[in-house]
Amino acid sequence: MVVTSPTPSLDVLGIKFRHNCSWIMFSIKIPVVSSALFGLLTFLVLTRCASGTEDGGRDGVAVLIRNPVASAGELTLITVYGSPVGQNVQLLKFNDTFGFSLINTSQSNGYTRETTDDIVTFSLNSSDVYPIIKSNFYEVRVGQLASVEPRSLRFAVASIRAEVEPIEFPSHTCSAGDSMNVTIRNDRNRTLRWRIDGVIIDTWNDLEAVRMTNLQPGTYTLECIVTNKYRLKQHGMISLLVRGCSSGRCGDRCSRNCPTCLNGAVCSDVNCACLCPPGFSGEDCGTAHGRNVFGQDGQYKCNYTGSDNDDGCQGLYICYQYPFGCSCAAGYTGFKCEDECADGWYGANCKQKCRCGGTEQCIKDTGQCMEVLKFSDVSFTGMRVSWGEWVEMTDYTDAPITGYTLQYREGGGSHFTQITLNLLSSYRINYLKAGTTYQFRLEVVRGDEGSAASAIQTKTTCGAHGPVENLRVNPGVNRGQLLVEWSPPDDGINSCGDDQYEITYRMLKHMACINFNPSQFAPPLSTIHRQYILNGLADYAMYEVSVKAVITGPMRLSGQETKINGTTETAAPSFTPAVRYIENRSTPRLLRFNWGIPRCEDLNGEFLRYVISTNKTGDVTRYNRPKWSTVEELRNLDPCTVYEFAIRIENTIGLGPRAPKLVIRTKAEAHGPVENLRVNPGVNRGQLLVEWSPPDDGINSCGVDQYEITYRMLKHMACINFNPSQFAPPLSTIHRQYILNGLADYAMYEVSVKAVITGPMRLSGQETKINGTTEAAVPGSSFDANIRKNSPRSFSVSWRKPNGNQCPVTRQKIILTRLELENCVESLKTVTNISTAGDSRSYRFDDLHPGSRYRVMLRAENSVGYGEYEEIVATTNDDGEGMLY
């Protein structure tokens, strides 16, 4: 019983549903006699609500699903083909609460989107971030926003860890009123729960097989879930699509009969068109292409480099719009579309039975009887066509075979080209167009009669382009650019898709480098134009540039490369010399610098020279040095002077960046002799005044920190023989005069003066020497005189030279005085007053009184005057013997 409602609501067996379609269920229990029978069959009756979105499904839109059963580390790729330009393509995912909701592929949520021409690819990530893709229903909607109501294609993507899975392909298409069985593989004997469009069906609990009858139009999602593991999304999923008319009916109010649709095609309930399964095309879907082809017009391939019969579609889901749904490629079946058809079956999902005159053997993707036509060595210019023994079902005469006629024409053409052959079993046809569909048929000739098999359609491969023409490379407008220009290939291959060009390049050498290993090729660049500007290249470098034409599409075909060399413009050097001051090779009047050899890659042109500039307190000097130089010495400099040193490189374009200038102070240099050295006696006795002027040596910038004075006595002027003394410890002063004190009178001194620069490295200048004599003085008073016994009336006085550094003694003066007592008081009475020669050392007094006391007073005289007296007393006895007191 079917119950409909003005609003999409249904309450059956205590379960309320809200959906765009409604259904009722009933179940019966039958005995379980084998594993092939169902323990409990539950029947689902579906109804369809009105929908006006279907257009018959022959608009060319197709969806190809790679890795539909995904595991960790794999991407499930959903590729939409044939979406009209300007119309929106969206990917939606089933949500328990909201139904199908739009996926935002611009966020980092495991989904990405890429668009090329009329192809849109969505990626379902199965990386470390999303380790396992969960089982779920997805829907692709195609439509122009705000103008055309979207068209949708619904399908399921399963996790490889799903604990239960459908035994057959997880998409079914039926007609209104049909019945359908669904069976789940439950190898682990899990307890099961079922949901339809998110609504739990309690009456199906623990069933591995269910049967639905009297299906009503609509699109439904069935889920078989392990109990309590729904949110893990690792369960079995089936998509169910029910046509709007009963089987064999179509059109407005299902008033028309469906046409004959071959090879498993679905009759559109909207416009009565035959919707062809993958691998077939034509109004009645009678044209076979092969397992590598899909699309309503056979316009797409899973592997564009392979032939129509390549296995590129194995393991892929292919979906068309309502009311076709999804299926495996022609020749494959199973949950993962990896199993080939069993013998005797062919087509999408292997649902079609072979009809080959009793043998029941046919090609599993095309359904063609095996002995008819086969294609090999398919290229973009031709292919080999072969055949075997003629199948009896197509041969209606008994005459013996006398030959074959191979016929072919370009797809859509009106006339076949005929090639008459003898009893050959193969023939290669050349000079075909690249990427073009051809129809072939074989006529078997028996006598004068012939019988031709139905046409088989195949397609030449897309040929890679030949080389581009007129390739040329010139420097660009800006620095580091090359302008690459070319003309299209002149090869006539224009039928395989839109062209784009791929440019690769690498540096062959820096022109300034003697030895250079070519670099690796940069990642390829693409353009649809016939010129390209390469940016960010090195200056003054030769590049190898390669350009090739590329045919775009799911399988790219790259044409023949054309190579050319081009050189970028020169530019000012980019090398900055790293200058180093060599201190241990520098002197007070020389500075030495060196620098590293520049990288040839940084010269950016022909290296001419080094340009050096020096600066001494504003006095700038510039000069050049040859390019092989790495050392520079600045000579004839001033000691203790600050110099600046800078260097840069010059090429044919100009100067490079200046190296950071070095500011160096030359070392100090010892001074020369002081000037105007003079020595004079000082104001006081025993002094010499030493005076001088600074050295006149031009080393004024170093300065004089102090002067050092040393001296020694060369001789006493009064002495005939005298050994010079040692130098006294040096004396220091910051002035230009010094008074030497404590010197001997009337003595000659050698005085030395030099300028000294103090610091960690003490530098003593050149000595200047001069002699000076101290002033003379009166003789000393110490003679060490003594009285010698002689006779009673005489005695002798002897002495030595008086002490002190006096001038030569010219004479000695001696006064002899007698001491007498008068009134008991001793008085002096001069006896004699005499003078002796300067070199005398004794004198004898005669005619003296015995027993008398005498005082002798002795002093010396020189050119300055008399010295002090020295006294000595002597007494004569009565007997005339003198006594010394």
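This is a predicted model: local features need pLDDT of at least 70, side-chain atom pairs count only at pLDDT 80 or more; totals for chains, interfaces and linings use all residues.

Modeller: Residues are numbered from 1 along each chain as its sequence is written, and side-chain values use heavy atoms, with hydrogens and water left out.

Colleague: How many helices and strands does the secondary structure of the chain come to?

Modeller: Helices (H or I, at least four residues) and strands (E, at least two) are taken as DSSP runs and numbered from the N terminus. Counted in this way, the chain comes to 0 helices and 74 strands.

Colleague: What percentage of the residues of the chain count as buried?

Modeller: A residue is called buried under 20% relative accessible area, exposed over 50%, and partly exposed in between, with a 1.4 Å probe and protein chains only. The chain has 885 residues, and the share of them that counts as buried is 49%.

Colleague: What share of the contacts in the chain with a separation of 6 or more comes from residues 24 or more positions apart?

Modeller: A contact here means heavy atoms within 4.5 Å. Among contacts with a separation of 6 or more, the part that joins residues 24 or more positions apart is 59%.

Colleague: Which strands stand at the edges of the open sheet of 4 strands?

Modeller: The order in this sheet is β55-β54-β57-β58, with antiparallel pairing, where two strands pair if DSSP finds at least two bridges between them. An edge strand has a single partner, so one side of it is left without a neighbour in the sheet, and this holds for β55 (619–626) and β58 (662–665).

Colleague: Which residue stands opposite Glu644 in β57?

Modeller: Strand β54, residues 607–616, and strand β57, residues 642–651, pair in the antiparallel sense over 8 bridges. Strands of a sheet pair through backbone hydrogen bonds, either parallel or antiparallel. Opposite Glu644 in β57 stands Asn615.

Colleague: How many disulfides does the count come to?

Modeller: A disulfide is a covalent bond between the sulfur atoms of two cysteines. The rule applied here asks for a pair of cysteine sulfur atoms within 2.5 Å, and by this rule the count comes to 11 disulfides.

Colleague: Is the disulfide of Cys250 and Cys272 right-handed or left-handed?

Modeller: The sulfur atoms of Cys250 and Cys272 are 2.0 Å apart, and the pair links distant parts of the chain, with Cys250 in strand β22 (residues 249–250) and Cys272 in the loop between β24 (266–267) and β25 (274–275), 22 residues apart. Cys250 counts as buried at 0% relative accessibility, and Cys272 counts as buried at 6%. Because the torsion about their S-S bond is about 105°, the disulfide is right-handed.

Colleague: What is the handedness of the link of Cys276 and Cys285?

Modeller: A disulfide joins Cys276 to Cys285, with 2.0 Å from S to S, and both cysteines are buried. With -90° about the S-S bond, the link of Cys276 and Cys285 is left-handed.

Colleague: How many residues apart in sequence are the parts that Cys640 and Cys702 tie together?

Modeller: A disulfide joins Cys640 to Cys702, with 1.9 Å from S to S. Cys640 lies in the loop between β56 (631–634) and β57, while Cys702 lies in the loop between β60 (688–693) and β61 (706–716), so the pair ties together parts whose separation in sequence is 62 residues.
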